[in-house]
Amino acid sequence: MEWGADLWDQYDQIDKHTLTGLDLVDRYIKFVKERTEIEQNYAKQLRSLSKKYAKRGSKEEQDCKFSNHASLQEILNELNDYAGQRELIAENMVTGICVELSKYLQELKQERKSHLCEAKKAQQGLEGSFKQLESTKKRYAKEWAEAEKATQQAEKTESDLNATKVDVEKAKLHAHMRTHTAEDCRNEYAAQLQKYNKEQNSYYYSEIPQIFNKMQDMDERRIRRLAAGYGLFSDIEKNVLPIITKCLDGISAAGKKINEKQDSMLFIEQHKSGFERPADIDFEDYTQGIRPATSDSSLNPPKVRAKLWPFSKKNKAPAAEDFSHLPPEQRKKRLQGKIDDLTKELQKTQDQSEALEKMKGVYDHNPQMGDPSSLEPQISETAQNIGRLTGEVAKYEAWLSDAVGGEDSSNAINNNTRHRVEAANQAPGIYSEFDDEFEDTETPVGQCTALYTFEGNSEGTVSVTEGEMLSVMEDDKGDGWMRVLRGSGEEGYIPSSYVKHSP
């Protein structure tokens, strides 16, 4: 069935129906826009919530290694990635539905306007032809009445006995002329009527049906495009469901990682003092007179009594450089940690010194590249730092030896010394070679593999394909995006949840 054949006389209804269809497209665009605003606000609130409950406070709290604390942080990270997917849904709906349908809607409005103008023009042409037909018809009626009147006058004059022959001839000639003029008007009216009927037939059987069929095609195309937009509303969210499911699975996995026994053992290792439990207090018999106390417990009663109440609130002792204010076990751990930190700093300083010496050698062989004497202040300062750090390490190793005591001291010192010597003998790659022009190149911070295909349509993003190996140039800073480098040299941002980091 076609509009042109079945709705040839329903111009007003077709006009109204097509306008309603365009209004529906506009309503759907507004609906999707409001949906994207909800998604964006939801993602923003999720990010704020994740940031609010992320690790904060002292360094000890941030470095907490309890599994139940770490799992919460993993949940917050997964929630942040989840928020990124909600933002991606909103972005894809704006670009894939709102922008595209808005552009298509403008095209439909122009096409509808063109069809309506064409129909109006055809109607105006037919109306003009009809007016011309009516004018010709009125003229023909007038002329025919005048011809009949002239004929009757000629007959009356001819039958009048008093009329002369000239008057009769004159009346007949006038009647003849009027009749001839009426015949011309009749022929003109007949021709105009034939023309109008032809135009009317073309209007109702050709022009209007073609215009209405074009409008039917336009409306059906609108419906198909709108149906595709309805489907896209669901498909956009379905496309990110695998990643959303992965985020939710990550949250579930974080809960399963919790090990209450391991947390308890870790808590014990962190806080056990190493002190022996207080010994029994000897009975002092005053009936035999006051005697000098010989037990260890009576030599320093205040100290022993202080240990009898392990749950009482104690005044915090001032921190000492050798950590002597801590219990034995905690002191050993803190001293060992300090030695490790100083050893790393010493290694770094030694690497720097070696690099400066190599650079000075390059300057000695190639004076045009730089003045060797300009490096002397840095070399001197580095040597002083090496001496200071070496002394610091030796000092803390001595304190550790005192804390460990006896049989363990030599092993601890030898292990630390061996570690420091081995570290000093290792030459880092970044100082092993010098480029002639000393160019600074950005080094990747890691490698990753794309889990899904991503189309980088926005400014600053880059497209990647599933399974592609990428170099990580900048990690996710909490906004759900990371900067990567492709093998082709293209660089840009992609969602951090779209990749898996390589070990």
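Mentor: Rings of Phe, Tyr and Trp (its six-membered ring) pair if their centres lie within 6.5 Å; planes under 30 degrees apart count as stacked, over 60 as edge-to-face and the rest as tilted. By that rule, ring pairs join Tyr28, Phe31, Tyr230 and Phe233 into a cluster.

Trainee: What sort of model is this, and how are residues numbered?

Mentor: It is a predicted model, in which local features need pLDDT of at least 70 and side-chain atom pairs count only at pLDDT 80 or more, while totals for chains, interfaces and linings use all residues. Numbering starts from 1 along each chain as its sequence is written, and side-chain values use heavy atoms, with hydrogens and water left out.

Trainee: How many aromatic pairs are there?

Mentor: The count is 14 aromatic pairs. One of them is Tyr42 with Tyr82, edge-to-face at 6.4 Å centre to centre and 85° between the planes. This pair links distant parts of the chain, with Tyr42 in helix H2 and Tyr82 in helix H4 (residues 67–159), 40 residues apart. Helices (H or I, at least four residues) and strands (E, at least two) are DSSP runs, numbered from the N terminus.

Trainee: Changing topic: which residues touch the most other members of the largest nonpolar core?

Mentor: Ile97, Leu470 and Ile494 do, out of 39 residues. Such a core is a set of buried Ala, Val, Leu, Ile, Met, Phe, Trp, Tyr and Cys residues joined through side-chain atoms within 4.5 Å.

Trainee: Which elements supply it?

Mentor: H2, H4, helix H5 (165–256), S1, S2 and S3 each give at least two residues. The largest share, 12 residues, is from H4. Apart from this core lies another, of 16 residues, including Trp3 and Tyr203.

Trainee: What does Ser50 contact?

Mentor: Beyond neighbours within four places in sequence, Ser50 is in contact (heavy atoms within 4.5 Å) with Leu76 and Asn80. Ser50 lies in helix H2 (residues 11–52) and is buried, at 7%.

Definitions and conventions:
Buried means under 20% relative accessible area, exposed over 50%, partly exposed in between (1.4 Å probe, protein chains only).
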